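Here is a short briefing on one protein model.

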Amino acid sequence: MVVRASNSRDHRSAWSSAPIIKELRPGGPAWCSGKVQQGDMLVSVDGSNVAGRDAREISAMILGPAGSSVNLVVRSVSSGGTVSVDLVRRNASRASITET
């Protein structure tokens with residue numbers, strides 16, 4: 001999963017600084033879940049809000065030991081509603097979080 005984090009520190013709106021999912025890696029946990037789409041906003045990781053956080057922080061929250069679980073809450077680009085997704089981490093050589 002490739003997430004683009006905003007480097008904006010504008011906290012007037014939580015959505016204005018929410019990271020956007022730019023790409024799903026085929027075969028990756030998020031892609032396989034069928035619940036995460038390109039363009040969705042990442043709201044939280046394991047219950048912690050990610051709005052306004054930098055790429056390094058978000059990466060550290062998402063990555064973890066292979067086989068461990070992570071919960072993502074995303075705001076769906078198609079429905080506008082939020083979706084909670086439990087994923088099992090796989091081996092990842094690096095974070096795919098970038099700042100804009």
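Strand 5 and strand 6 form a hairpin, with six residues between them. Glycine 80, in the turn, has a positive phi of about 85°. The model is predicted: local features need pLDDT of at least 70, side-chain atom pairs count only at pLDDT 80 or more, and totals for chains, interfaces and linings use all residues. Residues are numbered from 1 along each chain as its sequence is written, and side-chain values use heavy atoms, leaving out hydrogens and water.

**Strand pairing**
- Strands are DSSP E runs of at least two residues, helices are H or I runs of at least four, and both are numbered from the N terminus.
- Two strands pair if DSSP finds at least two bridges between them.
- Strand 5 (residues 69–75) and strand 6 (residues 82–88) run antiparallel, joined by seven bridges.
- Asparagine 71 stands opposite aspartate 86 in strand 6.
- Strand 3 also runs antiparallel to strand 5, with four bridges.
- Here serine 44 faces valine 73 of strand 5 as its opposite residue.

**Burial**
- Five of the seven residues in strand 5 are buried (under 20% relative accessible area; exposed is over 50%, partly exposed in between; 1.4 Å probe, protein chains only).

**Loop residues**
- Aspartate 46 sits in the loop between strand 3 (41–45) and strand 4 (48–49).
- Its phi is positive, near 50°.
- Most residues other than glycine have a negative phi.
- Aspartate 46 is partly exposed, at 44% relative accessible area.
- Glycine 27 lies in the loop between strand 2 (20–23) and helix 1 (29–33).
- Glycine 27 is partly exposed too, at 30%.
- Not counting residues up to four places away in sequence, glycine 27 touches Cys32 and Arg90 (heavy atoms within 4.5 Å).
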